[in-house]
Amino acid sequence: MTELSIRPFRVEIPQADIDDLKARLAQTRWPAQIPGQEWAKGVPVSYLQGLADYWANEFDWRAIETKINAYPQFVTEIDGQNFHFLHVRSDREDALPLLLCHGWPGSFIEFIDIIESLINPAAGQAFHVVVPSLPGFGFSMPLAESKWTSSPVVGAALATLMSALGYARYGVQGGDPATLTNAPLW
């Protein structure tokens, strides 16, 4: 088993940061759309305006923060890179460890709505779930150095994390095939 310093973590975004984001979104200077080009030359301006309006006026960060903080989260450092992850253990004796990896561009949040069904299924196999924020994403930012864009480096770090959590064998789900290079598979 690998030794790492693993510390508890909670998402607590300061209200001032949320207010600043909303103000910056409201002050965005939008370019004119190139006539007739829509998606052929990038994202249409009207689409981006809709996204900015959603983030500024509809998205409820506090509700998402509460949902995220309902699960145990941790941070650790592996080879100089900060790693954020959820580690949710099942109460079932027969539970198997399962590493869930988001792809690019993605986030650990993609798995929030399925964790309960994995750790406590109505029937079938239960799992101990580990959901990392990959280097450069979410709360595993910023990148410590460029090597963290290499799939073999990330795969080896995830194997180190799983070992530190006491898992010698585990299943892996990947949202991006490149993410899993060098991660030992069950």
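Here is a friendly talk about how some features of this predicted model get their names.

Me: What should I know before we start?
Reply: This is a predicted model, where local features need pLDDT of at least 70 and side-chain atom pairs count only at pLDDT 80 or more, while totals for chains, interfaces and linings use all residues. Residues are numbered from 1 along each chain as its sequence is written, and side-chain values use heavy atoms, with hydrogens and water left out.

Me: How many helices and strands are there in the protein?
Reply: There are 5 helices and 6 strands, in the order β-α-α-α-β-β-β-α-β-α-β along the sequence. Both are DSSP runs numbered from the N terminus: helices are H or I with at least four residues, and strands are E with at least two.

Me: Why is E65 called buried?
Reply: Buried means under 20% relative accessible area, exposed means over 50%, and partly exposed lies in between (1.4 Å probe, protein chains only). E65 has a relative accessible area of 10%, so E65 is buried. Across the 186 residues of the protein, 38% count as buried.

Me: What makes R62 partly exposed?
Reply: R62 has 29% relative accessibility, so R62 counts as partly exposed.

Me: Where do D20 and R24, another salt-bridge pair, lie?
Reply: Both lie in helix 1, 4 residues apart, which is about one turn of the helix. D20 has a relative accessible area of 37%, so D20 is partly exposed.

Me: How do you know that K147 forms a salt bridge with D79?
Reply: The closest N and O atoms of K147 and D79 are 2.3 Å apart, so the pair meets the salt-bridge rule. This pair links distant parts of the chain, 68 residues apart: K147 is in the loop between strand 5 (127-133) and helix 5 (151-164), and D79 is in the loop between strand 2 (73-78) and strand 3 (81-88).

Me: Is D79 buried or exposed?
Reply: D79 has 52% relative accessibility, so D79 counts as exposed. K147 has 27%, so K147 is partly exposed.

Me: What makes the nonpolar surface patch?
Reply: The patch of about 850 Å² is made by L21, W30, W39, V43, Y47, L48, L51, Y54 and W55. Patch residues have over 30% relative accessible area and no salt bridge, and nonpolar side chains (Val, Leu, Ile, Met, Phe, Trp, Tyr) are joined within 5 Å, like charges within 9 Å. Accessible areas come from the Shrake-Rupley method with a 1.4 Å probe, and for residues only the protein chains shown count as cover. L51, in helix 2, has a relative accessible area of 37% and is partly exposed, so L51 passes the area cut-off for a patch. Helix 2 gives the most to this patch, with 5 residues.

Methods
Salt bridge = Lys/Arg side-chain N within 4 Å of Asp/Glu carboxyl O.
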